[in-house]
Amino acid sequence: MQLTYLEAIRQGIWEEMERDPTVFCLGEDIGIYGGAFKVTDGFIDRFGPERVIDTPIAESAIVGAAFGASLTGMRPVAEFQFMDFIACAMNQISNMVAKTHYLWGAPAPLVLRGPSGGYVHGGPFHSQNPEMWFVHNPGLKVICPATPYDAKGLIKAAIRDNNPCVFFEHKYLYRRIKEEVPAEDYVVPIGKARLARAGTDLSIITYAAMVHTALEAADILSQEGINLEILDLRTVSPLDREAIVQTVKKTNKVVILHEHSRTGGLAGEIAAIINEEAFDELDGPIIRIAGLDSAIPFSPPQEHHYLPKVEDVVRESRRLKAY
Amino acid sequence: MGNKKAKSKAGNNGNRSRNGATRTAVNHGGTAAPGRSVERSSPGSPNHHLRSYEIRDYRLERPEFSVHQLTEKDIQGREHVRYQVSGDFDAPVPPIRDSKFLSKQQAVEIYRYMLLNRKMEIALENLYKQGKVVGGVYFGLGQEACSCASAYALDKDDWFAPMIRNQGALLVRGFGARDTMMQYMAKADSPTKGRDGTSHFGDIEKRNMISPISMLGDLIPVLSGVALGARLQGRNVAAMTWIGDGGQSTGVTYEGINFAAVQNLGLVLVVESNLWAYSTPSNMQYRCQDLAERAIGYGIPGVIVDGTDSCQVYDAAREAVERAHRGEGPTLIEAKMMRMKGHAIHDAATYVPKEMLDFWKKRDPLARFENYLVKEKKWLTAKENETLVAEVEQVIDAEREIAVNSPMPTPESAEGGVFCENGCHEIKPKYGTPNVKKGTASYKETEAAVHLK
């Protein structure tokens, strides 16, 4: 079955609601309207207003209520209309949800999901990639799928996981990519990376929409005889350290590519892991390609300038290959 | 626990009504709250444009104090700012209002919990002075009636989440004084095994308690969510938490109460109007006369009680709990009293005008309730009271010994437990698998209504 990235997520949540009566959805405009991006379109007709709850515009209440319900053994799936707005619920997530199992041993099986990412001219408050806020909060699993297959398998895994999962859906990918997704039930394990392209010359370590940017660059570079390996992390917390080390050992050269701002970004963390575990394997400097250290600007030429591009990957890969 | 009532089932999720001969509509009365009518003065009357709302006030006295910042010059002519209070400080102490619900045995039991609460905190103060406490100690002095009588109104399956001055609520709900004491001493056997202090612990298996966090108001949407989760499992539970007159200033307080209101969830929120938020007086936190008035804006019942009167606190809490059990939604209870110590043990609270302290000292909730039980109602003889006090002291002594003798945690015990993994917890619905109804609509691909292209 050919599914878009969005349809895959829809199907994943739908199937989990069919399978498990403790799963329910809450969020803004997710009921009759079906969500700003229509991820829960038709859910209210099937599962009823009791399980598909339209909430006030109150992100702290959404997270708080999801957390409280999870403590009674429910598995809430809370939608953020845009992941930018998750900032409004930061205290609930950081101080309540993330710390609860470590501090007092209460599992909180909830999913916080929503669209993130740029390339759609959404401006500074509808384009952010705030995953690092959560990576720095031990106790949360942070998931960023790049393909329909992974999106479906990972949303199902997140709903079944006994821990709070923050699930970033890249809105640029929602309807732009399509692939064959099996009709039968499957999950993709959280915390495991995927080799998106096997190669020999250098490794691009990335995730979400940037996987496709890297793949495009790989096609261009293959004509020059540069053979990229692309590691799709799929989960940014916990990181698949083993897969990172493995690809470094194979190609000995690394480019880390992400959409969010460079400073304090995931690339710094991955570079540190490589230093700790595979320093002797490196044949060149670790290169970072990332968003600028600013807010994401609105106007298309400015947004284009801010965000990583295929030509950035091509240029930096050539430079590293030649090192 | 309080009055035992048959457990209520979650409200019928809809009144079926026929619309013509062919269509059936279902009103989802169990989810969103129904709209309510507003009382208006009759048409034609000069006040016909006015709407009226009710706030029930159960108090037998209504003290009104006004606290101002006053700038004065000292002998050297340097300016200093202090708090000045005005009001009637000589009013006589009112009697305890007889409870509509409490039996003699229940009243005595609440009194015993209040004694335990008071004596536990005295023991904690002593442990602090002996250098055995890590960090500070927080007290609920003057608020024991509010903590104990409200929690006593909960049934076994109800939920609660205490704030820092509700250590008495933990005792009512079955925790030992040792639990709180070990938390303060950061011991290995404390409920959080040393990972957090004070009353910051919880138990979702037996005692239905959610751990507080230090940020104020965040428990309110969480308790709303507990009521939501239980309702999805077919049970209307009461979910009680507390918030101070300072804490209610936070935005999440609004979000949490409003969520419970629109979803008609059994939140029982006790607003502890204790006049001081650390060093800030209540009239610098809010402008309305009484915080119970906030309930009007939420569209839920609001009640005022004397927080130093155990019977008033219990009755208001019990009514709110029963409302929750009937699926009628949240209640806001404002309990008026004063925090009788500083914010924590380090704070001598010299900013509090002495007249205020003296006024509320005469309204000590424990002394008032003791007087009520021994002298007014004669439910306890002086001898029985003495025996009870001695028994409580013995309990606290024994609990303290156990707590003090618990070892400190090993350094390595800081590690692990970040995630629920390897089957460390089984997750299952607390009140049984939700009985889900499914519509006839089947899965269909969504139309491409793209928000951002």
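Here is a short tour of chain B in this predicted model, from its sheet to its side facing chain A. Residues are numbered from 1 along each chain as its sequence is written, with chains lettered from A in the order written. Local features need pLDDT of at least 70, and side-chain atom pairs count only at pLDDT 80 or more, while totals for chains, interfaces and linings use all residues.

Let's start with the open sheet of chain B, whose six strands run in the order E5-E13-E14-E10-E9-E8 with parallel pairing. Strands (E, at least two residues) and helices (H or I, at least four) are DSSP runs, numbered from the N terminus, and two strands pair if DSSP finds at least two bridges between them. E5 and E8 of chain B stand at the edges with a single partner strand each, so one side of each has no neighbour in the sheet. Within the sheet, E9(B) and E10(B) pair over six bridges.

| Helix | Strands of chain B | Angle |
|---|---|---|
| H2(B) | E8, E9, E10, E14 | about 165° with E10(B) |
| H5(B) | E8, E9, E10 | about 170° to E9(B) |

Now for the partner chain: 59 residues of chain B are in contact with 56 residues of chain A, contact meaning C-beta atoms, placed from the backbone, within 7 Å. On the side of chain B that touches chain A, H5(B) gives the most, with ten residues.

Definitions and conventions. Two residues are in contact if their C-beta atoms, placed from the backbone, lie within 7 Å. Axes are lines fitted to C-alpha atoms, for helices over the stretch in contact, and angles run from 0 to 180 degrees between N-to-C directions.
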